[in-house]
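Today I opened this model to look up one residue and one chain contact. Here are my notes, in the order I took them.

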Amino acid sequence: MTLIRGRRILAGAMTLVAAAALAACGSKTTDGNTSAGVSADVSGDTVKVGLLNSLSGTMAISEVTVRDAITLAIEEINSAGGVLGKKIQPVGEDGASDWPTFAEKAEKLIREDRVAAVFGCWTSASRKAVKPVFEKNKALLFYPVQYEGLEQSPYIFYTGATTNQQIVPGLEYLKAQGAKSLYLVGSDYVFPRTANKIIKAYAEANGMTVLGEDYAPLGSTEFGTITNKVKSAGADAVFNTLNGDSNVAFFKEYKSAGLTAATMPVVSVSIAEEEVKSIGTQYLEGQLTAWNYYQTTPGAANEKFVAAYKAKYGADKPTSDPMEAAYVSVHLWKAMVEKAGTFDVEKVREAADGITFEAPEGLVTVDGATQHIAKTARVGKVGADGLIAEVWNSGQPITPDPYLKSYPWAGGLS
Amino acid sequence: MTVLIGQLFTGVSIGAVLLLIALGLALTFGQMGVINMAHGEFIMAGAYTTYVLQQVITAAGWSLLVALPVAFVVAGTMGVLLEVLLIRRLYARPLDTLLVTWGVSLILQQLARDVFGSPNVQTRAPELLTGNIALPGGITVANNRLFILALAGGAVVALTLALRLTRLGRRIRAVVQNRDLAAVSGIATARVDRTTFFIGSGLAGIAGVALTLLGPIGPTMGTNLIIDAFLVVVVGGIGQLKGTVIVAFALGVLQASGEYLTTLSVAKVMVFVAIVAFLQWRPQGMFTLRTRSLA
């Protein structure tokens with residue numbers, strides 16, 4: 001009796017599986033037939049844009065701030081008359097820190113909402129997940145976070161730093177400070193491993209020694225041994241590519257081991273004002289970060305940005321590099337559209353080269369060839385107030401070079 | 001040499017953390033045969049208790065001291081509720097307790113997310129515990145690690161004494177060795193079970209307080225700890241405090257040496273391989289309980 005019932009359930013389950021498989025095939029064919037790209041719906045007096053960020057899950061802490069900055073930029077543009085005479089209407093979607101969801105929501109924004117451009121994504125994993133969606137539909141994504149480079153897509157504009165605008169200047173700063181040896185600590189996934197490949201190539205070409213390289217699984221909180229290794233190696237500086245919570249445990253352990261910014265400085269590339277606040281200033285005071293923007297960056301454009309952000313979201317909310325890059329990306333898109341005189345994606349892309357914007361970080365220029373932007377690199381020091389104060393900058397915007405083609409030492413990479 | 005001693009201390013301190021998170025489990029899983037997957041969430045409850053108390057008591061040192069007994073009671077109470085509402089109905093079906101408590105752990109994680117938000121939170125450590133003691137030869141011993149070591153040691157001693165010397169301890173041991181015989185001898189086994197669960201879960205709360213000194217506090221922190229805790233208890237020998245203590249420190253030192261010689265991920269694999277090999281050789285764990293029960 002049980003056997004028969006078991007079989008029936010099995011048969012039912014198999015029918016379901018078969019049906020699901022058929023449905024999947026069906027949707028694939030439809031997609032294939034309509035891969036010509038969907039043009040944005042601009043028939044009314046508004047134009048829609050997509051906001052695709054994680055509002056829930058592990059990345060929400062960071063991505064919500066990016067969403068807030070994008071919203072601020074849209075409001076500014078709307079109150080100044082909009083784009084090509086049309087008001088921008090944001091359509092928000094939650095990527096939920098889940099890469100397949102990002103791809104699904106991107107598809108929805110492009111095909112159902114028929115948005116003119118999408119702003120968002122944070123992790124490289126989410127960007128890689130949506131990349132084919134934007135390429136297939138010939139739609140535009142503006143990606144606002146520093147990343148590991150070695151990528152280029154005709155349908156993505158990268159407004160965060162690529163490695164030659166953040167990691168390489170960070171190394172140059174250390175070299176100028178007389179650092180002869182480095183220790184690399186990172187999370188065990190694509191960004192730190194790629195970044196460390198680049199760092200090792202740079203070090204070799206510049207007479208620096210990499211004394212050790214250690215990776216901790218994402219979310220790992222046990223740094224006793226890594227700190228011991230770092231300490232006994234006695235490097236001049238530590239280059240930190242840890243992401244997320246691990247930084248908390250790492251810096252707590254670092255301080256308990258008696259290591260400080262004075263004895264062995266740590267340069268981090270994933271800790272901005274928001275993270276400093278949550279890790280705790282007492283653990284980070286005096287440590288270095290490499291970015292393109294800080295809340296303390298001087299200039300009228302930044303004063304205006306910081307004041308507007310705090311007025312809208314609260315005086316205790318800091319601004320950070322990815323937020324600034326996201327804010328800038330909306331303004332850049334507006335300038336591209338106005339130069340092109342249309343929302344048509346191909347025309348907007350053609351118009352992009354040479355577009356400039358007086359950003360909070362200083363003047364930025366779109367490089368049409370790579371679709372990255374020229375940015376000024378900045379090294380900063382964490383102060384007792386939790387803000388980051390600039391100690392060095394590159395003086396002028398650095399031309400983006402995602403594949404590091406202009407650096408002889410980077411020949412064997414990519 | 002310095003490195004060696006430093007690593008040894010790291011190993012011992014990892015062991016102390018393992019011991020703290022496994023101690024309560026050794027009591028509830030080891031002595032009662034209940035597989036409590038929500039044990040990690042009791043640890044989380046202890047950590048969040050510290051966080052909440054710090055909002056009220058701003059002096060970090062005092063809030064930590066107050067957190068220890070409060071977290072014990074908070075986590076202990078959660079344990080008793082779990083025992084009364086669900087587990088006591090499943091004593092005869094240990095595998096079902098696994099599923100039920102796993103469900104409870106998911107619910108507790110979501111609850112933490114709703115109450116405290118999904119981003120992790122931090123507590124401020126007392127100034128005294130952020131420093132270190134410098135020994136001759138350049139060896140430094142971190143104060144927070146020493147504190148955790150002392151806490152783990154204290155908990156083991158207290159638990160051992162309680163089990164050996166108190167009336168309650170004798171009852172717990174009697175129930176463990178032969179539940180039916182204990183019952184007919186006039187011991188209220190249900191009440192003993194509840195008390196055991198209170199103490200075991202309360203110890204998880206203490207572990208949670210200790211962990212706030214090392215890393216972030218988040219809804220999923222328990223998931224990362226529960227596996228380590230089970231490993232320690234199973235390898236130590238179910239129902240054996242002695243085994244739990246020895247194995248916790250052994251695994252800590254093994255992990256630290258492995259990490260030093262290779263990498264963190266490889267060291268984790270090494271520890272797992274060592275455990276599997278050990279359990280092939282001694283499936284019953286390091287120590288076994290001799291009982292008269294047939295189970």
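Before starting, a reminder to myself: helices here are DSSP runs of H or I with at least four residues, numbered from the N terminus. I also keep in mind that this is a predicted model.

**Entry 1: B:His39**

I looked up where B:His39 sits and found it in helix α2 of chain B, which covers residues 39-56. Is B:His39 buried or exposed? Its relative accessibility is 1%, and buried means under 20%, so B:His39 counts as buried. Next I checked what its side chain reaches: the backbone oxygen of B:Ile21, at 3.2 Å. Setting aside neighbours within four places in sequence, I listed the contacts of B:His39 as B:Ile21, B:Gly24, B:Leu25, B:Gly200, B:Ala204 and B:Ile226.

**Entry 2: chain A against chain B**

I then turned to the contact between the chains, which takes 30 residues from chain A and 33 residues from chain B. The buried area comes to about 2300 Å², with carbon and sulfur atoms giving 45% of that.

How many salt bridges are there between chain A and chain B? I noted 3. One of them pairs A:Glu222 with B:Arg145, with the closest N and O atoms 2.8 Å apart. For polar contacts across the interface, the count is 17 residue pairs, both residues at pLDDT 80 or more.

On the side of chain A that touches chain B, the elements supplying at least two residues each include α2 (60-79), β7 (209-216) and α7 (224-233). The largest share, 7 residues, comes from α7(A). I sorted the residues of that side into 10 nonpolar, 11 polar and 9 charged.

Conventions:
Residues are numbered from 1 along each chain as its sequence is written. Chains are lettered from A and ligands numbered from 1 in the order in which they are written. This is a predicted model: local features need pLDDT of at least 70, side-chain atom pairs count only at pLDDT 80 or more; totals for chains, interfaces and linings use all residues. Side-chain values use heavy atoms; hydrogens and water are left out. Buried means under 20% relative accessible area, exposed over 50%, partly exposed in between (1.4 Å probe, protein chains only). A polar contact is a pair of N or O atoms within 3.5 Å; within protein, one must be able to donate a hydrogen and the other to accept it, and residues adjacent in sequence count only if both atoms are side-chain atoms. Contact means heavy atoms within 4.5 Å. Buried area is the accessible area (1.4 Å probe) that two parts lose on being put together, summed over both. A salt bridge is a side-chain nitrogen of Lys or Arg within 4 Å of a carboxyl oxygen of Asp or Glu. Ala, Val, Leu, Ile, Met, Phe, Trp, Tyr, Cys and Pro count as nonpolar, Asp, Glu, Lys and Arg as charged, and the others, Gly among them, as polar.
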